[in-house]
Amino acid sequence: MSLHPVWGHEAEREALGNAAAEEILPAALLFHGSHGIGKQRVAHWLAQLIVCEAPLCEPCGACPPCRMALSFEHPDIHYYLPLPRPKGASGDRLTEALEEARLTELEDLRTTPLRPSHRDEVRGIYLGTVRNIRSQAHKRPAMSHGPIFIIGEAELLVPQEASPEAANALLKLLEEPPGEARFILTSSQPERLLPTIRSRAVPLRLTPLNLGDITAFLEQEAGVEPSLAEWAGRLGQGSPGRALGFLPAGEEEGPLERLRLRAFDIVATAMSTDSSATYSLALGFPPAGARGLIDLFGFVEEWLRDLAALAAGAPKALLNHDRLSELEEWLSTSQIKAFHVTSAFGSVDQARELARRNVNPQLIISSLVGNLRKALRGHSQRGVIT
Ligand SMILES: [Zn+2]
């Protein structure tokens, strides 16, 4: 298996292709834009263009370096992405374990290159990984002018805000790249990168794909039938990696569809007048692992946003267009106004902050539902957990 063709981002690729042809491509680039939009795919495209033997603003796709790049096998293209922290390893052993985990991940990518952009487990780019990058960067390249490092989700370089060593070690490499080493960082949250790293890399923003491109991508690359492709494409909001997350995985719902429905239950429980439902909903959550709730809260905000759009008389702006009738029913049986929904967003912010502080998830959920209920009914008072 090899990487699928790049979809969209034509203007950005043209700019990069021209810069490469004129040999003015910066040594460190930062691709940013929404999660799953194709930043890492464009980074691989650029790396392939740089190693291609016959580039014409596009990689030729046929020469041996191109073919190796497309199957993650080019010896001078080094792909790093956040990984779960290997258990029970430290020091040099951790550095080795991270490299083994990375090679396993690349092997998985070769067999299943199309994956949703969402993952349930916590991942990071640890100091051990940056040590591996540093030693690679000082080695002589195997067949190109210099090594190319693609570092995906670079904001996860600092998974623990209190230990910025990994980011600082990378910063040293970006400040003085050895030889002709190149770095392409990608991030959907560039504001979370250290300012010193941001300032070393030339930023390029990738924009959302249009619905037609995403639907065509799902049909042609993932073999999805047209009506399902259109449904997931709309929910993808311009991001093919996000759209993939809504597709069913075997018998089960896709990981993002699962979160979307769970978020729906949270808002539905807040809309119901039966407050005992809050506790049974909260007890359905595990008693630990609050950081895993953060993505869920993004979906709660999307349902609220849809409620506000409907309350303001703008049904065309709905994200969850497939649930229009339920949303309309909520509005017709309550007296929700758009400004009630606006104040409900504050409750979600509060819940997200508690999740970052790793408070018990069941407490966070019951507090969130209670606060949403008050906000949506026009009571501004909020319960506070400290
Ligand atoms: Zn080529």
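Domain bounds here come from an automatic or database domain assignment. On that basis, the chain is divided into domain 1 (10-205) and domain 2 (248-376). The structure is a predicted model, in which local features need pLDDT of at least 70, side-chain atom pairs count only at pLDDT 80 or more, and totals for chains, interfaces and linings use all residues. Residues are numbered from 1 along each chain as its sequence is written.

The centres of domain 1 and domain 2, taken over C-alpha atoms, are separated by 35 Å. Their contact takes four residues from domain 1 and six residues from domain 2, where two residues are in contact if their C-beta atoms, placed from the backbone, lie within 7 Å. On the side of domain 1 that touches domain 2, two residues are nonpolar, one is polar and one is charged. In this grouping, Ala, Val, Leu, Ile, Met, Phe, Trp, Tyr, Cys and Pro count as nonpolar, Asp, Glu, Lys and Arg as charged, and the others, Gly among them, as polar.

Next come the strands and helices, which are DSSP runs numbered from the N terminus (helices: H or I, at least four residues; strands: E, at least two). Five strands form an open sheet with parallel pairing, in the order E2-E3-E4-E1-E5; two strands pair if DSSP finds at least two bridges between them. Strand E2 (77-80) and strand E5 (202-205) stand at the edges with a single partner strand each, so one side of each is left without a neighbour in the sheet. From one strand to the next, the twist averages 20 degrees. Within the sheet, strand E1 (residues 28-32) runs parallel to strand E4 (residues 182-187), and five bridges join them. Leu30 has Leu185 in E4 as its bridge partner.

Two helix pairs complete the picture. Helix H1 (residues 10-21) and helix H2 (residues 39-51) pack at an angle of about 25 degrees, with axes 11 Å apart. Axes are lines fitted to C-alpha atoms, for helices over the stretch in contact, and angles run from 0 to 180 degrees between N-to-C directions. This makes H1 roughly parallel to H2 (angles under 35 degrees count as roughly parallel, over 145 as roughly antiparallel, 65 to 115 as roughly perpendicular and the rest as oblique). Glu12, Arg13, Leu16, Gly17 and Ala20 in H1 meet Val42, Trp45, Leu46, Leu49 and Ile50 in H2. These contact residues divide into seven nonpolar, one polar and two charged.

The axes of helix H11 (residues 255-271) and helix H12 (residues 276-283) come within 9 Å and cross at roughly 160 degrees, which makes H11 roughly antiparallel to H12.
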